[in-house]
Amino acid sequence: MSEEIRDELARLTLELCAIPSETCHEDEIASWIHHRCVQAAGARVVTRIGNSVICEPYGRDERPGEPVVALVGHVDTVKCAEGQPLEIRAGKVYGCGSSDMKSGLAVMLGLLDRWRELGRARPLWIFYDGEEGPAEGNGLGPVLESGVLPPIDFAFILEPTDQGVQPGCMGLIHATVTVRGTRAHSARPWQGDNALYRAIPVLERLRAFERRAVKFGDLCFYEVIVATAAVTHNSRNVVPDAVELNVNFRFAPGNTAQNAEAELRAMVGDLADVEVTDSAPAGDVHADHPLLADWCRAEKLKVMPKQAWTDVARFTASGIPAVNFGPGETAQAHQAGEWASIDSLEHCYGALRRWFDG
């Protein structure tokens, strides 16, 4: 790949990182991407749904018989860390969301700028909002249900994948586990029953759950159950009558949110109440798909499990095979000082370009 394209992708990633796009605040970046899509392919082929943008350069009657292949990326980020650098330095692009996943957006836009040169399939670009927030606010759902998309044969989700391919993804539930006690004045705690202390057996059960391996061929996913927050709603001088634990259960492909909820309820037993507050399905594994397998071998791509949730799950739940393949480093996602390597940008762009070149 030319040094010119490497520099272009790095500068584009930096430009995207400079646009604040925390979840629920994506209007500016959606407008910017909408403008870029119009510049690249023309206004007639660009559709905006809320803060999601769809670009379909080829008409429905062009390239008949060719598969429709979607390139997909979310435009939002988590809340940025204070003092996050914004610069290109030592082969890396530093910026909030650089790995997750504005480097992926940069590769998508780099390919869109050259859409007439892509000789295989009918490419389709989907940029969407709300991925980093609750499932009900995810903008991909309305896009898939909008009726404006053609039938899609395959989708690449450009989440960071450490220069490999990650088929499938974990599903998840978040649940509020409430342990109850009896309220009292903190000067006379014997008159109450401290819910914080009553929560200890629940926390011990959660801590005792070791990661559980689930294999799909050579891929190994790990199911985990972990407490991530503990909250009371009382003054400092009051023995709490309730403590709420947020518990996150990540389950493997083949499992369901219903099974995960039932397992959590059985684990907690009569020690606490359980209310599921958020859930998302696991993504099916399509490592051997005919549009993928030969390319993976030719590119010598390492095939790895996605030990997290991505919108591969939304596609596979809709009957559309999909995999994660994008630039950036998974360990950098959501980090303070987040960066994406320019090598990963070059690698992803080049591999996808060769896929579309057939």
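Which residue stands opposite Gln-166 in S16? In this predicted model, the residue that stands opposite Gln-166 in S16 is Asn-324. The two residues belong to a pair of strands, S8 and S16 (residues 322-324), which are joined in the antiparallel sense over two bridges.

In general, the strands of a sheet pair through backbone hydrogen bonds, in either a parallel or an antiparallel manner. Both arrangements can be followed in the strands described next.

At one end of the order, strand S1 (residues 46-49) pairs with strand S2 (residues 52-55) in the antiparallel sense, over four bridges. Within this pair, Val-46 stands opposite Cys-55 in S2. S1 and S2 form a hairpin with two residues between them, and Gly-50 in the turn has a positive phi of about 60°. S2 is also joined to S6 by three bridges, and these two strands run antiparallel. Here the bridge partner of Ile-54 is Ile-126 in S6. S6 pairs in turn with strand S3 (residues 68-74), now in the parallel sense and over seven bridges; in this pairing Leu-71 stands opposite Trp-125 in S6.

Is strand S6 mostly covered or mostly uncovered? Strand S6 (residues 122-128) is mostly covered, for seven of its seven residues are buried. In a regular strand, the side chains alternate between the two faces of the sheet. In S6, Arg-122, Leu-124, Ile-126 and Tyr-128 point one way, while Pro-123, Trp-125 and Phe-127 point the other way. The residues of both groups are buried.

S4 is joined to strand S5 (residues 92-94) by three bridges, and the two strands run antiparallel; Val-93 in S5 is the bridge partner of Ile-88.

Which residues have the most contacts inside the largest nonpolar core? This core has 52 residues, and those with the most contacts inside it are Trp-125, Phe-127, Phe-156, Trp-295 and Leu-352. Leaving aside neighbours within four places in sequence, Trp-295 is in contact with residues including Phe-156, Val-165, Leu-301 and Leu-352. A second, separate core has 23 residues, among them Val-243, Met-267, Val-274 and Ala-282.

Cys-296 is placed in helix H8 (residues 293-299). Why does Cys-296 count as buried? Cys-296 counts as buried because its relative accessibility is 8%, and the limit for a buried residue is under 20%. Not counting residues up to four places away in sequence, Cys-296 touches Val-165, Leu-301 and Val-303. Ser-21, by contrast, is placed in a loop, between helix H1 (3-17) and helix H2 (27-41). Ser-21 likewise counts as buried, because its relative accessibility is 2%. With residues up to four places away in sequence again not counted, Ser-21 touches Glu-26, Ile-29, Val-75, Asp-76, Thr-77 and Lys-102.

The largest pocket holds about 700 Å³ of space. Of the 26 residues that line this pocket, the closest to its centre are Glu-131, Glu-132, Arg-250, Trp-309 and His-334. The elements that give two or more residues to its lining are strand S9 (171-180) and strand S15 (273-280).

Methods: Residues numbered from 1 in each chain as written. Predicted model: local features only at pLDDT ≥ 70, side-chain atom pairs only at ≥ 80, totals over all residues. Heavy atoms only, no water. Pairing = 2+ DSSP bridges. Core = buried A, V, L, I, M, F, W, Y, C linked by side-chain atoms within 4.5 Å. Buried < 20%, exposed > 50% of the residue type's maximum accessible area, 1.4 Å probe, protein only. Contact = heavy atoms within 4.5 Å. 1 Å grid on protein atoms, 1.4 Å probe; cavity = no way out; pocket = protein on both sides within 12 Å on 5 of 7 lines; lining within 4 Å. Points joined across faces, edges and corners; volume = space filled by probe spheres on them.
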